[in-house]
Amino acid sequence: MQQIYLLATVGALAALAIVVHAQTTPLFPVACELNVLIVLDRSDSVKGGFNKSRKFVTDVSEELQIGPEKHRVAMIVYSGLSYRREVFPWNFAKSNEEFVQKTNALRAIGGTTNTKKALEVGLELMAQRNVSIPTLVMVVTDGRSADDPKGPGKLLQAQPNTWVFAAATGDPESVDTRELMDITGNINHIVMHRGRDLATDITRRLLREAQDKCRTTTTTTTTTTTTTTTNPITGCELDLVLVLDFSTTTDPVYNSYKDLSKRLVSQLKIGPHYTQVAAVTFATVGRTRVRFNLKKYTTQEEVLRGIDKLQSKGGTTAIGAGIEKALTQIDESEGARPGIATKVMIVFTDGWSNKGPDPEKRAKDAVNAGFEMYTVAYTARAPNSVTLNNETLSAISGSSGHAFTDVTFQSLVDKIKQRNLPCMP
């Protein structure tokens, strides 16, 4: 079993490998309904890494079903005393999509770090929570506060039916680990490691395991029959939208886009409770189509055959229109599973766009809708192929870490496959 790295000792900067199942009490509250209070540091000390901290929050939120009936969320975003503090009350977001949209709109503003005041505001919010269900408090900070948060930290820890965690998403050497211990009061409640991705994986896994009981099998008995049904939430849900450039400039390579798509699908677990796949092709604005939506196919073989059938008719290039059309796959009528499935969009293109909406703006719309955005370009030499527009590829993906090629494609496959791994043999 993969080991999980948490803080070793109060003064330690190394990580300790522990096995979650070895804990005698659950690290996260085991409940199908939950209050979640997020306290997010955006001061100067994390300013350069605020985007990582914000992405940590939105990534972890994918394990929740945000809304008044399941996971009620509140959030405090803070820095110094003289800087604007944003306080979002309980149930400010009625869905996962709304939560991601509002969180992605947050910006780093600098200033000193005054975690004590932020936690005091958190105590005020705690007084307004639903006390009949457990509460998870997640403080995302490097711990380098100008004031001492120990007092309000102890008061939070003393709240009934409450778990207090701290997450540091940056370099452990820059983190005040003693302060994080003051905030949480529990060595195992500090998530810290180099890089946001592992911190995210740790937290998501803990949340998922804590909610296993919400996915168990139940039995209903009538006077004549007994019917057993299983809650469809597996924790492996992924809504994958493939967006393929079928314009004239990609004529030499569009079959390679199809081959790469099939290579990805062949390594995923496909099904209504696992990965669902949609395919969108684009060229000229009028030739942008959803070739099959998320609910069209339910087996791996069907998806692979669906990709095989895709044909290009050429035309000008409207990447923005392709992304815009792909955004239709957030609708439940198309097979989307809001609040349950991780949403991923992969755009296969050379990056050249000469028609339709601005690709960068449409990509930002997709991120605000909760999608992880990636681009894939084909670099192998082919007759009549064009050079790549790396500027547009980076703008669509949002960072160089989300822009891949046929050479690095397996790294993307491995990354996306992580969502399915818990349900794979």
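Me: In which helix does Ser 53 lie?
Reply: This is a predicted model, where local features need pLDDT of at least 70, side-chain atom pairs count only at pLDDT 80 or more, and totals for chains, interfaces and linings use all residues. Residues are numbered from 1 along each chain as its sequence is written, and side-chain values use heavy atoms, with hydrogens and water left out. Helices (H or I, at least four residues) and strands (E, at least two) are DSSP runs, numbered from the N terminus. Ser 53 falls within residues 50–61, which form helix H2.

Me: Is Ser 53 buried or exposed?
Reply: Buried means under 20% relative accessible area, exposed over 50%, and partly exposed in between (1.4 Å probe, protein chains only). Ser 53 has 6% relative accessibility, so the residue counts as buried.

Me: Which residue meets Arg 42 in a salt bridge?
Reply: A salt bridge needs a side-chain nitrogen of Lys or Arg within 4 Å of a carboxyl oxygen of Asp or Glu. Arg 42 sits in the loop between strand E3 (34–41) and helix H1 (44–47), and its partner, 44 residues apart, is in strand E5 (residues 86–88). Both residues are buried. At 2.8 Å, N to O, the partner is Glu 86.

Me: How many residues apart in sequence are the parts that Asp 239 and Arg 337 tie together?
Reply: Their side chains meet in a salt bridge at 2.7 Å, N to O. Asp 239 is buried at 2% relative accessibility, and Arg 337 is buried at 12%. Asp 239 lies in strand E11 and Arg 337 in the loop between H10 and E14, so the parts tied together are 98 residues apart.

Me: Which residue forms a salt bridge with Asp 308?
Reply: Asp 308 lies in helix H9 and its partner in helix H8, so the pair ties together parts 46 residues apart in sequence. Asp 308 is partly exposed at 39%. The closest N and O atoms are 2.7 Å apart, and the partner is Lys 262.
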